[in-house]
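Please read it alongside the sequence and the structure shown here.

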Amino acid sequence: MNIDIAACQLKVTESKDQNLENAARMITQAAGHADLIILPEMFNCPYSIQYFGQYAEEYPGISTNMLSSLARQLNKFIIGGSIPEREGDSIYNSCFVFGPQGSLIARHRKIHLFDVDIAQGISFQESAVLSAGNQVTVFETEWTKIGVCVCYDMRFPELIRSMARQQAKLIVVPAAFNMTTGPAHWHLVTRSRALDHQVYLAAVSPARNPQGPYIAYGHSLVAGPWGKILAEAGTGQQVLYASIDLEYLDKVREELPLLKHLKPDLY
């Protein structure tokens with residue numbers, strides 16, 4: 001069984017309305033070719049702590065209403081990248097997933113916040129504004145279980161392993177690596193997480209915007225259970241398509257039974 005997926009690598013601007021209009025166009029474009037449509041991290045908001053509070057919205061809000069409406073109209077699964085979500089006094093980096101009836105079927109709040117200080121590279125502190133989630137997110141579809149995490153989350157293999165042990169065969173990661181970590185780690189991390197856990201992994205980035213406050217690396221990609229990159233975008237705005245083969249995944253797991261041989265009592 002195959003699943004056709006579309007990764008919408010969209011260019012994020014300082015205009016929330018423009019970002020939502022752009023996302024809606026790309027989702028509609030992708031709907032003719034894909035069963036599952038994915039947006040990048042912070043698709044409605046520049047990725048900068050100075051904007052998270054300004055752009056944050058409660059659920060339901062304008063961004064999630066748009067995603068729900070499009071999922072229903074197009075009869076598709078939409079994994080809505082992430083947005084700054086406000087709940088009470090807290091703001092989360094949250095991914096909302098909508099099914100073909102437009103209903104909310106999952107929400108993942110980024111667990112591992114991006115707090116780094118890399119010499120001659122980048123300094124960023126999400127925790128100055130954002131709160132961390134505390135739940136592993138796996139949801140059911142007609143094809144297979146799908147896991148969702150956000151960007152920095154995928155650097156922690158234990159999280160991906162938890163999803164794989166819950167029978168997820170596709171992991172979706174809205175992410176915004178930057179021009180320091182992207183060239184160094186983007187391909188390596190995505191391929192490693194897919195290979196080690198014998199899953200398909202779709203990592204979806206915003207397009208590169210040199211005028212933005214944070215320059216995303218781009219290169220949205222889909223990696224397979226053998227560690228091979230199946231499809232990869234460039235740096236500009238585009239819809240990246242890939243077809244994932246669940247029978248092939250089962251074959252890989254049968255021939256090289258890593259998950260079967262886990263020793264959870266030892267490590």
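## Cavity, pockets and sheet

The lining of the largest cavity divides into six nonpolar residues, two polar and one charged, where Ala, Val, Leu, Ile, Met, Phe, Trp, Tyr, Cys and Pro count as nonpolar, Asp, Glu, Lys and Arg as charged, and the others, Gly among them, as polar. This is a predicted model, in which local features need pLDDT of at least 70 and side-chain atom pairs count only at pLDDT 80 or more, while totals for chains, interfaces and linings use all residues. Residues are numbered from 1 along each chain as its sequence is written, and side-chain values use heavy atoms, with hydrogens and water left out.

The structure holds one cavity of 30 Å³ or more, and the residues that line the largest cavity are F114, C151, Y152, R155, A176, F177, N178, T181 and Y214. On a 1 Å grid over the protein atoms alone, a cavity is a set of points where a 1.4 Å probe fits but cannot get out, whereas a pocket is an open set with protein on both sides within 12 Å along at least five of seven lines; lining residues have an atom within 4 Å of a point. Grid points are joined across faces, edges and corners, and a volume is the space filled by probe spheres set on the points.

| Space | Volume | Lining by class |
|---|---|---|
| Largest pocket | about 200 Å³ | 10 nonpolar, four polar, three charged |
| Second largest pocket | about 150 Å³ | four nonpolar, two polar, four charged |
| Largest cavity | about 50 Å³ | six nonpolar, two polar, one charged |

Of the 17 residues lining the largest pocket, V12, P46, N209, G212 and Y214 lie nearest its centre. The lining of the second largest pocket includes A164, R165, R253 and E254, and helix 4 and helix 6 each supply at least two of its residues.

Six strands form an open sheet of mixed pairing in the order 9-10-11-12-13-14; strands (E, at least two residues) and helices (H or I, at least four) are DSSP runs numbered from the N terminus, and two strands pair if DSSP finds at least two bridges between them. Strand 9 (137–140) and strand 14 (229–232) are at the edges with a single partner strand each, so one side of each is left without a neighbour in the sheet. Strand 10 (residues 145–148) and strand 11 (residues 168–174) run parallel and are joined by four bridges, with V148 opposite V172 in strand 11.
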